Amino acid sequence: MAEVKVYLYDLSHGMMSAMSEAILGRRFEALWHTSIVVFGREFFFGGGIQQAIPGKTVAGHPKETVSLGITEIPEWMFVQFLQSLETRFNVESYHLIKNNCNHFTEEAARFLTGKSIPEKVTQLPEEFLSTHLGQMLAPMIDQMFQQLGGNGAPV
């Protein structure tokens, strides 16, 4: 048994909250990057499934920590689960909107606890795409990731 936490990082360092309303026509709290913390490690998707000492990633210190409770899943089974995700969460499969760190964290959270990560994170792509600018940028984002094949994955 181990405690499961979700770390939420604001990759914009407050810029999204300060400027989104003027640029996008509505306020967004943050540009969320998430990770799952369990078994004394922090697991995240950034150019592949990675792990680090909790709170010591290039994303800095989390803005928020959300406890999802205790998992009954043993560590060895979680490791197997992560290995099974490698074909879906790698450099080639990364997509800013459709397959990013938050999708990885959601799957890991559901596997470990049956619970979701905060809705403000999972709804962010849809909310962004519902803005005028989001609708304009969506085809360019898709084209960019088709040309790059997923390369250039952030954090």
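Buried means under 20% relative accessible area, exposed means over 50%, and partly exposed lies in between (1.4 Å probe, protein chains only). This is a predicted model, in which local features need pLDDT of at least 70, side-chain atom pairs count only at pLDDT 80 or more, and totals for chains, interfaces and linings use all residues. Residues are numbered from 1 along each chain as its sequence is written, and side-chain values use heavy atoms, with hydrogens and water left out.

**Exercise 1. Classify His13 and Phe39 by accessibility, and state what their phi values share.**

Step 1. Helices (H or I, at least four residues) and strands (E, at least two) are DSSP runs, numbered from the N terminus.

Step 2. Apply the cut-offs. His13 has a relative accessible area of 67%, so it is exposed.

Step 3. Turn to Phe39. This residue is in the loop between β2 and β3. Its relative accessible area is 21%, so Phe39 is partly exposed.

Step 4. Read the backbone. Phi of His13 is near 55 degrees, a positive value in a residue other than glycine. Phi of Phe39 is also positive, near 55 degrees. Most residues other than glycine have a negative phi.

**Exercise 2. Work out the strand order of the open sheet and name its edge strands.**

Step 1. Set the rule. Two strands pair if DSSP finds at least two bridges between them.

Step 2. Start from β1 (residues 2-10). With β5 (residues 64-71), β1 pairs in the antiparallel sense over 7 bridges. Tyr7 stands opposite Thr65 in β5. Ala2 stands opposite Thr71 in β5.

Step 3. Look at the other partner. β1 and β2 (residues 32-38) run antiparallel and are joined by 6 bridges. Here Lys5 stands opposite Val37 in β2.

Step 4. Write the order. The 5 strands form an open sheet, β4-β3-β2-β1-β5, with antiparallel pairing. β4 (49-52) and β5 are the edge strands, each pairing on one side only. From one strand to the next, the twist averages 25 degrees. Axes are lines fitted to C-alpha atoms, for helices over the stretch in contact, and angles run from 0 to 180 degrees between N-to-C directions.

Step 5. Contact means heavy atoms within 4.5 Å.

Step 6. Check the cover on β1. Of its 9 residues, 7 are buried.

**Exercise 3. Describe how α2 and α3 pack, and sort the residues of their contact.**

Step 1. Two packed helices are described by the angle between their axes and the distance between the axes.

Step 2. Give the values. α2 (residues 75-85) and α3 (residues 101-113) pack at about 145 degrees, with axes 11 Å apart.

Step 3. List the residues that meet. From α2 come Met77, Phe78, Phe81, Leu82 and Leu85. From α3 come Phe104, Glu107, Ala108, Phe111 and Leu112.

Step 4. Sort them. The contact has 9 nonpolar residues, no polar ones and 1 charged. Ala, Val, Leu, Ile, Met, Phe, Trp, Tyr, Cys and Pro count as nonpolar; Asp, Glu, Lys and Arg as charged; the others, Gly among them, as polar.

**Exercise 4. Describe the surroundings of Ser35.**

Step 1. Locate Ser35. It lies in strand β2. Its relative accessible area is 0%, so Ser35 is buried.

Step 2. Find its polar partner. The side chain of Ser35 makes a polar contact with the side chain of Glu42 (2.6 Å). A polar contact is a pair of N or O atoms within 3.5 Å; within protein, one must be able to donate a hydrogen and the other to accept it, and residues adjacent in sequence count only if both atoms are side-chain atoms.

Step 3. Leaving aside neighbours within four places in sequence, Ser35 touches residues including Lys5, Val6, Tyr7, Phe44 and Thr105.

**Exercise 5. Which residues does Arg26 contact, leaving aside its neighbours within four places in sequence?**

Step 1. At 32% relative accessibility, Arg26 is partly exposed.

Step 2. Name the partners. They are Ser20, Glu21, Glu127, Ser130 and Thr131.

Step 3. Take one pair. Arg26 and Glu127 are 101 residues apart along the chain, and their C-alpha atoms are separated by 9.4 Å.
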